Amino acid sequence: SDAWGLLSSTQKPVACGRMDSCGELGLLSELPANATHYEFTRAMPDLISRKIIWGWWGMASLLAAGASSSIMAGVTASPKARSSAFNIYLVALAVPDFVGSFFCAFTCWINFSYEVYTGGDLMCAWQTGATTFGIAGSFWMNALVAREIHTLLRKTHAMRLYTPPTHRMVVLKSSAVLCMAALFSSLHLWGLPFKHFPIHGLACVASYYDHTSSLFVYFAVLPLVAGIPTCYICFIAFDCWRRKLLRLETTNRIQQATKGSQRMRGTSEPYSQQRLVQRRRQARELTLYYSRIFVAVLVIWVPATICLLFIRLPHVWGMFSGGLLAHLQGFVSALVCLTKADVREAVIQLYTCGSLNSEARRSVVVPVPGCNTMDLRGSHCFHDAGRRAETRLDSNNSQNSDDSDDVQGAHSQDERFQAATAHVVVSVDDDASQVGATAT
């Protein structure tokens with residue numbers, strides 16, 4: 001083979017283009033009936049089947065990479081969408097999906113062009129790392145989001161003050177998780193008892209080759225990549241069910257809760273029944289939204305992994321189905337992300353250039369009750385939609401008012417004081433995209 005590990009039509013097919021690296025690949029049609037599972041994973045389908053599989057996988061990967069990049073670009077380009085700290089988590093969730101899908105599309109179309117797995121041992125190691133990063137990053141990022149949602153639900157249920165994470169904190173936590181996922185994706189290079197190999201001559205993943213390596217993959221690699229975060233998320237789901245954190249309370253329960261609101265930790269202002277109901281409903285909607293994202297990841301990767309690694313399917317199209325599910329995971333997750341109104345609007349504006357021409361230059365001004373609606377420049381009782389309300393008293397108006405307006409000015413100033421102190425009650429905004437301090 002040449003420097004790229006290309007094979008001529010007269011050469012026997014070899015994995016990674018190097019005889020001394022991964023060994024020879026046979027054909028599925030030539031396998032004996034008593035072939036072991038390890039031999040089965042190292043047998044590839046015929047040429048026509050391989051090209052069909054690579055073509056479909058390549059298109060699915062391009063679709064997933066485009067959808068993931070749209071979520072990242074749309075949220076970051078929209079001032080309204082990126083103002084929510086929880087939307088920054090969506091960007092971090094899309095990063096591993098994009099990386100895995102992009103490099104899978106790259107290798108699939110190269111292999112499709114040359115009709116055999118191409119690129120040598122270096123390409124195989126690179127694809128294995130990118131695929132592992134995509135899986136580990138998705139599961140561990142979902143675990144990080146689940147922890148933040150769990151904190152929100154517990155404090156909401158206990159009627160305690162919840163402070164949403166800052167953008168800086170979200171970026172730092174997400175970066176740490178993605179760096180950990182990158183570390184896990186390099187395990188096949190450490191000389192551990194498993195290695196990268198083109199399964200069925202189609203795609204390189206971390207694979208086992210004997211009984212010892214299979215045990216290491218089952219009880220060490222898979223738990224680190226996906227098992228531990230999945231168990232953690234399941235524990236959080238069980239705790240939410242046990243404590244009934246997602247249940248909407250009845251009116252009698254809300255009335256009892258508001259009577260004791262003076263004893264709540266973190267705030268000295270009593271909750272109104274309407275505000276408490278709204279906060280719990282929006283926290284529930286936010287939880288269900290991110291739950292759908294994790295369920296989409298779990299439902300796709302479990303059957304895909306089983307089809308590709310753990311069972312011996314009687315036909316090559318079983319491998320095709322498992323691989324197609326895996327390559328479509330980023331696309332499905334992006335579709336679930338678009339069920340959120342502000343994210344969907346941000347992506348639409350991205351492709352219609354609305355995020356650059358209109359939204360970035362427009363500030364939606366919402367007056368707070370008690371403010372002078374005629375004096376927009378001098379009054380500080382206005383806030384931009386989608387951002388935390390910032391209000392303060394304007395004492396100049398009351399000082400310059402006539403004596404005959406003292407009573408009316410006192411009432412107006414009292415309303416402004418209530419608006420200025422309303423930020424001590426924490427709620428989720430109307431589209432359940434941000435948990436923060438809002439003036440109502």
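Visitor: How is relative accessibility read here, and what does Lys-51 count as?
Guide: Residues are classed as buried (under 20% relative accessible area), exposed (over 50%) or partly exposed in between, with a 1.4 Å probe and protein chains only. At 24%, Lys-51 therefore counts as partly exposed. This is a predicted model, in which local features need pLDDT of at least 70 and side-chain atom pairs count only at pLDDT 80 or more, while totals for chains, interfaces and linings use all residues. Residues are numbered from 1 along each chain as its sequence is written, and side-chain values use heavy atoms, leaving out hydrogens and water.

Visitor: With which residue does Lys-51 form a salt bridge?
Guide: Side chains of opposite charge can pair when their charged atoms come close. The criterion is a side-chain nitrogen of Lys or Arg within 4 Å of a carboxyl oxygen of Asp or Glu. Lys-51 pairs in this way with Glu-115, their closest N and O atoms lying 3.6 Å apart. Glu-115 is partly exposed, at 32% relative accessibility.

Visitor: How many salt bridges does the whole structure hold, and which residue meets Lys-80 in one?
Guide: The search finds 6 salt bridges. The side chain of Lys-80 meets that of Glu-345, with an N to O distance of 3.7 Å. Here 265 residues separate the partners, Lys-80 being in helix α3 (residues 79-82) and Glu-345 in helix α11 (residues 341-351). Such helices are DSSP runs of H or I, at least four residues long, and strands are runs of E of at least two, numbered from the N terminus. Lys-80 is partly exposed at 37% relative accessibility, and Glu-345 is partly exposed at 33%.

Visitor: How many residues separate Arg-243 and Asp-239 in helix α7?
Guide: Arg-243 and Asp-239 are 4 residues apart in helix α7 (residues 211-243), which means a separation of about one helical turn. In their salt bridge, the closest N and O atoms are 3.2 Å apart. Asp-239 is buried at 4% relative accessibility, whereas Arg-243 is partly exposed at 40%. A network of salt bridges links Asp-239, Arg-242 and Arg-243.

Visitor: Which elements have the lowest and highest mean pLDDT?
Guide: pLDDT is the predictor's confidence in each residue, from 0 to 100. The lowest mean, 36, belongs to strand β7 (residues 426-428), and the highest, 96, to helix α6 (residues 167-184). The chain averages 75, with 67% of the residues scoring at least 70. pLDDT stays under 50 over residues 1-23 and also over residues 363-440.

How values were computed: Contact = heavy atoms within 4.5 Å.
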